[in-house]
Amino acid sequence: MGWAPRHCARTGPAAVRARLTAESARLSPLSVREAAKHL
């Protein structure tokens, strides 16, 4: 799960941030950390 949002964060950080906020309760801490790496 983490690599796709991490890649998209370079071009659309607002969308990735919104998705992480909405889904953070369902995601593992590792997925959130990897997805937010480039935010």
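Is Arg26 buried or exposed? Arg26 counts as exposed, at 71% relative accessibility. Here buried means under 20% relative accessible area, exposed means over 50%, and partly exposed lies in between (1.4 Å probe, protein chains only).

The model is predicted: local features need pLDDT of at least 70, side-chain atom pairs count only at pLDDT 80 or more, and totals for chains, interfaces and linings use all residues. Residues are numbered from 1 along each chain as its sequence is written, and side-chain values use heavy atoms, with hydrogens and water left out.

**Overall fold**

The protein chain has three helices and zero strands. Its pattern along the sequence is α-α-α. Helices (H or I, at least four residues) and strands (E, at least two) are DSSP runs, numbered from the N terminus. The C-alpha trace spans about 25 × 15 × 10 Å along its principal axes.

The protein chain holds 39 residues, and 21% of them count as buried. It exposes about 2,900 Å². Carbon and sulfur atoms supply 59% of that area. Accessible areas come from the Shrake-Rupley method with a 1.4 Å probe; for residues, only the protein chains shown count as cover.

**Salt bridges**

Side chains of opposite charge can pair when their charged atoms come close. A salt bridge here is a side-chain nitrogen of Lys or Arg within 4 Å of a carboxyl oxygen of Asp or Glu. The whole structure contains three salt bridges.

| Salt bridge | N to O distance |
|---|---|
| Glu34 and Arg6 | 2.5 Å |
| Arg26 and Glu23 | 2.9 Å |
| Glu34 and Lys37 | 3.3 Å |

Take Glu34 and Arg6, paired at 2.5 Å. Glu34 lies in helix H3 and Arg6 in helix H1 (residues 3–8), so this pair ties together parts that are 28 residues apart in sequence. Arg6 is partly exposed, with a relative accessible area of 26%.

Glu34 also meets Lys37. Lys37 is partly exposed, at a relative accessible area of 49%. Shared partners join Arg6, Glu34 and Lys37 into one network of salt bridges.

Arg26 pairs with Glu23. Arg26 is exposed, whereas Glu23 is partly exposed at 21% relative accessibility.

**After helix H3**

Where does Ala36 sit? Ala36 is in the segment after helix H3 (29–35). Ala36 is partly exposed, with a relative accessible area of 30%. The C-alpha atoms of Ala36 and Arg17 are separated by 7.6 Å. Along the chain, Ala36 and Arg17 are 19 residues apart.
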